[in-house]
Amino acid sequence: MSRILNLTLSIWRQPGPNSPGQFVTYPANGIPDDASFLEMLDIVNEGLIEAGEIPIEFPHDCREGICGTCGVMINGRAHGQEKGTATCQLHMRKFNDGDTIVIEPWRATAFPIVRDLVVDRSPLDKIVEAGGYVSAPTGTAPDANETPIPKEVADSAMDAAACIGCGACVAACPNSAGQLFTSAKLWHLNSLPQGQAERFRRTEAMVETMEDFFGSCTNHGECSEACPKEIEQDFIAYMNRDYMKSKVYNRKLAGQN
Amino acid sequence: MSLGTTIPDSKVPQGPMADKWDNHKFDIKLVNPANKKKFKILVVGSGLAGASAAATLGELGYNVEVFTFHDSPRRAHSIAAQGGINAAKNYRNDGDSVHRLFYDTVKGGDYRSREANVHRLAQVSVDIIDQMAAQGVPFAREYGGLLDNRSFGGAQVSRTFYARGQTGQQLLLGAYQQMMRQVHEGKVTLHTRMEMLDLVMKDGEAHGIVCRNVTTGEISSHSGHAVVLATGGYGNVFYLSTNAMASNVTAAWRAHRKGAYFANPCYTQIHPTCIPASDEFQSKLTLMSESLRNDGRIWVPRNPDDTRAAADVPESERYYYLEEKYPSFGNLVPRDVASRNAKTVVDQGLGVGPLKNGVYLDFADAIGADGKDTIEERYGNLFQMYDRITGEDPYSRPMRIYPATHYTMGGLWVDYNLMTSIPGVYAAGEANFSDHGANRLGASALMQGLADGYFVLPYTIGDYLAPKLGEDPLSLDDPAFIQAEADVQSQVHRFMSIKGTRSPEYFHRELGKLVWEHIGMARDQNGLEKAISEIRSLRDEFWSDLRVLGDADTLNSSIEKAGRVADFFELGELMARDALDREESCGGHFRVESQTEEGEALRDDENFAHVSAWEWHGADTAQTKHAEELTFDEVKLTQRSYK
């Protein structure tokens with residue numbers, strides 16, 4: 001049978017991007033432990049509305065761990081304590097009756113707060129815009145089976161492409177670095193035959209756009225720990241290698257081993 | 001209900017089925033490459049259909065503006081599709097062809113779709129796979145490096161391409177990246193966190209949209225030569241569904257209120273393998289791939305008062321209802337049949353779980369026969385997901401499953417060019433009604449979204465634009481824009497000034513209960529009439545007792561939600577009217593009064609082989625129904641049987 005939890009929440013409230021924020025304490029009583037973490041916040045919000053208080057804004061959408069919208073710091077950890085789990089997939093049975101839970105928005109200069117727990121992650125789109133694509137206009141494609149791709153390569157590209165763009169890697173990093181996100185996108189495209197033509201141009205553009213917004217990587221590894229898709233840090237090494245190659249003067253030879 | 005005129009022209013081209021699309025592409029008007037930049041197209045929605053349309057239109061040279069209420073275009077709910085995407089590539093050499101995919105789709109839709117559209121969909125399906133592979137979508141491969149396929153949703157050929165259990169994610173990222181390239185090139189302008197709240201009309205044509213910036217509350221007008229609505233389906237009218245929390249009907253509905261016909265709203269698809277709701281606060285339902293039914297056996301205890309754990313119920317006291325009723329298909333009957341039978345046993349009080357709202361999906365036999373390792377290899381990620389959500393280990397006890405709303409086949413009526421009944425407004429992807437008839441086949445939603453966005457709309461839109469060469473977009477100072485902005489402003493103001501006692505969430509949940517109860521898996525006249533009156537009274541309560549707190553000039557999700565729920569009320573009522581009017585059963589629409597002796601959906605081809613397209617006349621006036629007759633030249637109408 002499901003348990004009922006009585007909790008204390010300490011939540012960051014901030015009315016707008018330029019207003020000061022503060023932690024506010026709320027009781028969260030009668031929470032069924034089958035509820036997800038976000039459903040727990042729903043229940044708290046319904047209570048606030050009933051009491052005439054402005055509800056807490058928090059980011060969420062698909063609630064099945066794939067859209068990448070949700071994400072808050074739970075007791076100081078991005079997406080909470082469960083490994084490989086987005087906030088929306090975290091369930092209250094992982095908490096104990098009487099717990100105090102501290103909930104904060106993603107912490108990073110590149111992600112300014114919009115309101116309460118919602119931040120602006122548009123720099124991630126800027127990195128993709130800089131070169132995170134293959135230039136293949138509609139209608140130009142050859143038959144899909146004309147380019148065989150070894151299964152191991154496709155699987156590795158997929159491991160990287162699994163990134164949901166939630167920004168937990170940045171939030172967890174002591175430097176607010178964007179390396180894990182950027183390198184995952186780069187490895188996805190740079191490892192495939194279709195991505196070779198633009199490989200070094202892409203790498204250079206995306207890395208340098210990333211550096212406009214985010215801090216530097218110092219190999220703490222907190223990013224992979226926090227990642228709900230458990231994207232590996234190895235991709236950062238591959239990115240660094242490709243970035244160095246991209247700076248080679250004779251770029252037409254850069255693709256050689 | 002009042003009956004309107006028959007829809008005379010859906011612009012389906014003449015000629016043999018296989019030549020229609022090619023002939024049409026030749027016959028329609030083109031916009032000269034140098035002139036494309038003189039046209040501005042507004043694309044609302046950034047899912048598969050919206051992103052692929054925006055990318056392609058940008059590549060062609062049009063000026064494109066994209067609007068999404070999400071913080072990033074990559075959040076659109078296409079991202080959550082798991083299973084795969086169909087294409088008539090015949091890479092398996094198992095007898096697939098364009099004609100077979102076309103035939104399967106028309107039949108699967110229970111003969112309620114437009115043949116010519118479906119044929120075109122099957123034709124372009126092969127190009128989609130080529131395009132997405134070229135974009136770098138990491139489709140599953142075999143060791144030889146060629147693309148892998150699987151059979152899906154009971155299809156007799158293996159035509160489904162996939163990328164692990166995240167096909168929707170990978171396809172959406174492909175389309176999104178292609179669109180971001182156009183943003184980089186300056187051909188596409190991206191507006192995030194902008195929710196379309198009205199369509200701007202002048203002289204019977206669309207000229208733009210009015211949006212609200214959801215983070216600042218600012219209301220703004222945007223003018224263009226054409227508007228593309230790629231805003232998804234309306235499954236969230238049920239409150240609990242597999243849709244994302246923010247998925248809504250608002251953009252399509254506001255276009256409907258401005259004159260776009262809304263077609264077949266009663267065609268909704270219920271997916272049989274979802275995790276049942278656990279309590280009142282459940283906010284959404286999670287789908288698990290129906291591939292689970294390949295190895296799982298579905299049953300409930302024969303005794304409604306059985307309180308034993310599943311493993312302790314002896315074989316003789318288990319009711320394997322699908323295997324008993326459908327010996328040849330067993331647990332693999334189509335989605336609608338599996339869903340309805342689950343409802344029947346739960347309604348009989350045979351349901352399992354704390355709320356007795358599910359049925360067992362049992363893998364004990366499969367684990368016994370093939371070993372735990374094999375089952376883990378096949379379904380490991382799904383078992384893990386189930387465990388995470390329910391806290392129960394499906395290797396040691398059966399899963400509990402129950403049907404949930406998953407997809408809506410109905411939507412804005414469109415002609416063969418994907419133009420709605422409003423000149424200048426197009427609808428693509430799940431937002432339109434066109435290709436799936438009364439029931440969608442598995443792995444066909446992704447196909448249709450990309451077909452519309454990549455290969456149909458970019459051609460057909462030129463036919464509308466070409467004669468408009470030289471016309472500037474309507475000035476934002478035009479009274480039409482000023483009026484539309486004022487209307488949007490006044491609705492926001494109205495929400496804030498009711499100052500009642502109930503949240504938008506409360507009304508949504510209550511509406512969902514009514515819709516699920518009366519317009520869900522089985523519908524009858526009494527229930528539908530009751531639904532109409534109960535939805536109306538709840539709607540009245542909404543407009544007198546709504547509570548929206550906070551300010552309008554900041555992020556305030558209660559305002560967004562209130563607008564969406566207001567539209568769901570009107571849509572819910574129309575769904576009931578449409579279901580009431582359609583006195584037959586077909587696909588996802590099951591009228592209790594119309595079934596075979598075996599309890600299967602019984603169509604009435606003589607009276608209902610048509611599309612019902614509804615015209616808006618105001619919130620308190622019944623819509624007019626316009627019928628588009630469906631003719632079947634290629635596919636022979638038959639009664640489905642899965643015995």
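## Chain B: overall fold

In chain B, 74% of the contacts with a separation of 6 or more are between residues 24 or more positions apart. The model is predicted. Chain B holds 16 helices and 20 strands. Of its 643 residues, 59% are buried.

The C-alpha trace of chain B spans about 75 × 60 × 50 Å along its principal axes. The radius of gyration of chain B is 24 Å. For 643 residues a compact globule would come out near 26 Å, so the value for chain B agrees with that rule.

## An open sheet in chain B

Five strands of chain B make an open sheet, in the order β12-β16-β15-β13-β14. The pairing is antiparallel. Strands β12 (268-274) and β14 (318-319) of chain B stand at the edges. Each has a single partner strand, so one side of each has no neighbour in the sheet.

Inside this order, β15 of chain B sits between β16 and β13. Strand β13 covers residues 297-301 and strand β15 covers residues 359-362, both in chain B. They pair in the antiparallel sense over 3 bridges. One residue pair can be picked out by name: B:W299 has B:Y360 in β15(B) as its bridge partner.

## Domains of chain B

Chain B divides into domain 1 (271-406) and domain 2 (479-612). The centres of these two domains of chain B are 30 Å apart, taken over C-alpha atoms. Their contact takes 5 residues from domain 1 of chain B and 5 residues from domain 2 of chain B.

Which helix gives the most to the side of domain 1 of chain B that touches domain 2 of chain B? Helix α8 (residues 335-347) of chain B does, with 4 residues. By class, that side of domain 1 of chain B has 1 nonpolar, 1 polar and 3 charged residues.

## A buried loop residue in chain B

B:A443 is not a glycine, yet its phi is positive, at about 70°. B:A443 lies in the loop between β18 (425-427) and α11 (445-465) of chain B. Is this residue buried or exposed? The cut-off for burial is 20 or more other C-beta atoms within 10 Å. B:A443 has 24 C-beta neighbours inside 10 Å, so B:A443 counts as buried.

## Chain A: overall fold and domains

Chain A has 8 helices and 7 strands. Its C-alpha trace spans about 65 × 40 × 35 Å along the principal axes. Of the 257 residues of chain A, 53% count as buried. Contacts in chain A between residues at least 6 apart in sequence join residues at least 24 apart in 71% of cases.

Chain A is split into domain 1 (4-115) and domain 2 (121-253). The domain centres of chain A are 30 Å apart, over C-alpha atoms. Across the boundary, 18 residues of domain 1 of chain A are in contact with 16 residues of domain 2 of chain A. The side of domain 1 of chain A that touches domain 2 of chain A has 9 nonpolar, 7 polar and 2 charged residues.

A:N96 lies in the loop between β4 (77-78) and β5 (100-104) of chain A. A:N96 and A:L5 are 91 residues apart in sequence. In space, their C-alpha atoms are 6.9 Å apart. A:N96 has 11, so A:N96 is exposed.

A:N219 lies in the loop between α6 (199-213) and α7 (222-226) of chain A. A:N219 has a positive phi of about 55°, although it is not a glycine. With 11 other C-beta atoms within 10 Å, A:N219 is exposed.

## Where the chains meet

The contact between the chains takes 62 residues from chain B and 63 residues from chain A. On chain B, the elements that give two or more residues to the side touching chain A are α2 (48-60), α4 (115-134), α5 (167-185), α10 (372-390) and α15 (557-581). The most comes from α5(B), with 9 residues.

How many nonpolar, polar and charged residues does the side of chain B that touches chain A have? There are 23 nonpolar, 25 polar and 14 charged residues.

Terms used:
Residues numbered from 1 in each chain as written. Chains lettered and ligands numbered in written order. Predicted model: local features only at pLDDT ≥ 70, side-chain atom pairs only at ≥ 80, totals over all residues. Pairing = 2+ DSSP bridges. Contact = placed C-beta atoms within 7 Å. Nonpolar A, V, L, I, M, F, W, Y, C, P; charged D, E, K, R; others polar. Domains from an automatic or database assignment. Rg over C-alpha atoms; globule rule 2.2 N^0.38 Å. Buried ≥ 20, exposed ≤ 12 C-beta atoms within 10 Å, placed from the backbone.
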